[in-house]
Amino acid sequence: GIGPYDRENIFAKILRGDIPCRKVAENDVALAFHDIAPAAPVHVLVIPKGAYVSLADFSARATDTEIAGFTRLVGQVARDLGLDSEGYRVLSNMGENAGQEVPHFHVHLFGGRALGPMLA
Ligand code: 5GP
């Protein structure tokens with residue numbers, strides 16, 4: 001695994017307001033902001049406000065309220081950015097094989113162009 005939650009990870013700092021982000025939307029349990037190095041015309045990250053390392057951790061420990069609110073924010077952001085008709089991709093890197101870099105659970109929302117076939 002990727003270990004216990006590190007309170008100094010970059011997304012923890014964003015949640016505390018210690019470093020800035022370009023916010024897209026938020027609700028009680030989740031925050032959406034633009035990726036600093038976009039890989040598509042739309043590249044938004046959605047993160048829970050709670051301290052979860054990865055999808056494995058979030059799915060095991062988060063409350064139903066957190067899971068519902070997180071999922072709703074992903075869909076809301078895509079809808080608000082006008083992606084529903086053209087489509088988009090949601091992806092989460094979990095752990096070493098996927099190359100997860102930031103140890104705070106996040107999903108990537110990609111859109112704004114044809115994204116090509118899935119990896120692997
Ligand atoms: P991972 O590889 O962990 O799934 O993706 C981490 C993502 O976070 C990368 O797409 C990277 O560009 C993004 N990222 C890393 N540091 C920052 C930051 O300080 N601000 C923002 N907005 N995105 C970041």
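This is a predicted model: local features need pLDDT of at least 70, side-chain atom pairs count only at pLDDT 80 or more; totals for chains, interfaces and linings use all residues.

Me: Which helix is N97 in?
Reply: N97 is found in helix α4.

Me: And how far apart in space are N97 and A32?
Reply: They are 25 Å apart, C-alpha to C-alpha. In sequence, 65 residues separate N97 and A32.

Me: OK, the sheet. What's the strand order?
Reply: The order is β1-β2-β3-β5-β4. It is an open sheet of 5 strands with antiparallel pairing.

Me: Which strands stand at the edges?
Reply: β1 (23-26) and β4 (88-91). Each has a single partner strand, so one side of each is left without a neighbour in the sheet.

Me: How many degrees are neighbouring strands turned against each other?
Reply: On average 20 degrees, direction ignored.

Me: Walk me across it. How many bridges between β1 and β2?
Reply: There are 3, in the antiparallel sense. A25 has A32 of β2 as its bridge partner. The two strands form a hairpin, with 3 residues between them.

Me: Next pair: how many bridges join β2 to β3?
Reply: Strand β2 (residues 30-34) and strand β3 (residues 42-48) are joined by 5 bridges and run antiparallel. F33 stands opposite L45 in β3.

Me: What's the partner of L45 in β5?
Reply: H108 is the bridge partner of L45 there. β3 and β5 pair over 5 bridges, again antiparallel.

Me: And how many bridges for β4 and β5?
Reply: 4 bridges, antiparallel. V90 has L109 as its bridge partner in β5.

Me: Which residues of β5 are on the covered face, and which on the uncovered one?
Reply: V107, L109 and G111 make up the covered face. H108 and F110 are on the uncovered one. In a regular strand the side chains alternate between the two faces of the sheet.

Me: Which helix lies across the strands?
Reply: Helix α3 (residues 64-80) lies across β1, β2, β3, β4 and β5. It runs at about 165 degrees to β3.

Me: Take F70 in that helix. Buried or exposed?
Reply: F70 counts as buried, with 24 C-beta neighbours inside 10 Å. The threshold for buried is 20 or more.

Me: What is F70 in contact with?
Reply: Leaving aside neighbours within four places in sequence, F70 is in contact with V29, A30, V46 and P48.

Me: How far is F70 from V107?
Reply: 9.9 Å in space, C-alpha to C-alpha. They are 37 residues apart in sequence.

Me: Back to β4, where R89 lies. What does R89 count as?
Reply: Partly exposed, because R89 has 15 C-beta neighbours inside 10 Å.

Me: And which residues is R89 in contact with?
Reply: F110 and L115, leaving aside neighbours within four places in sequence.

Me: New topic. Which residue does the UniProt "active site" annotation cover?
Reply: H106, according to the UniProt annotation, and the entry is unreviewed.

Me: Where does H106 lie?
Reply: H106 lies in the loop between α4 (95-98) and β5 (107-111).

Me: Buried or exposed?
Reply: H106 is buried, with 27 other C-beta atoms within 10 Å.

Me: What does H106 touch?
Reply: F11, L45, V46, I47 and S92. That is not counting residues up to four places away in sequence.

Me: Which residues come nearest to the ligand?
Reply: I36, A37, N93, E101 and V102, of the 13 residues around the ligand.

Me: How many of the shell residues are nonpolar, polar and charged?
Reply: The shell divides into 7 nonpolar, 4 polar and 2 charged.

Me: Last one. Where is L119 found?
Reply: L119 is in the segment after β5. L119 is exposed, with 6 other C-beta atoms within 10 Å. In space, L119 and F58 are 24 Å apart, C-alpha to C-alpha.

Methods
Residues are numbered from 1 along each chain as its sequence is written. UniProt positions are given in the numbering used here, feature names are shortened, and annotations may be inferred rather than shown by experiment. A residue is buried if 20 or more other C-beta atoms lie within 10 Å of its own, exposed if 12 or fewer, and partly exposed in between; C-beta atoms are placed from the backbone. Two residues are in contact if their C-beta atoms, placed from the backbone, lie within 7 Å. Two strands pair if DSSP finds at least two bridges between them. Axes are lines fitted to C-alpha atoms, for helices over the stretch in contact, and angles run from 0 to 180 degrees between N-to-C directions. A residue is near a molecule or strand if its C-beta atom, placed from the backbone, lies within 6 Å of it. Ala, Val, Leu, Ile, Met, Phe, Trp, Tyr, Cys and Pro count as nonpolar, Asp, Glu, Lys and Arg as charged, and the others, Gly among them, as polar.
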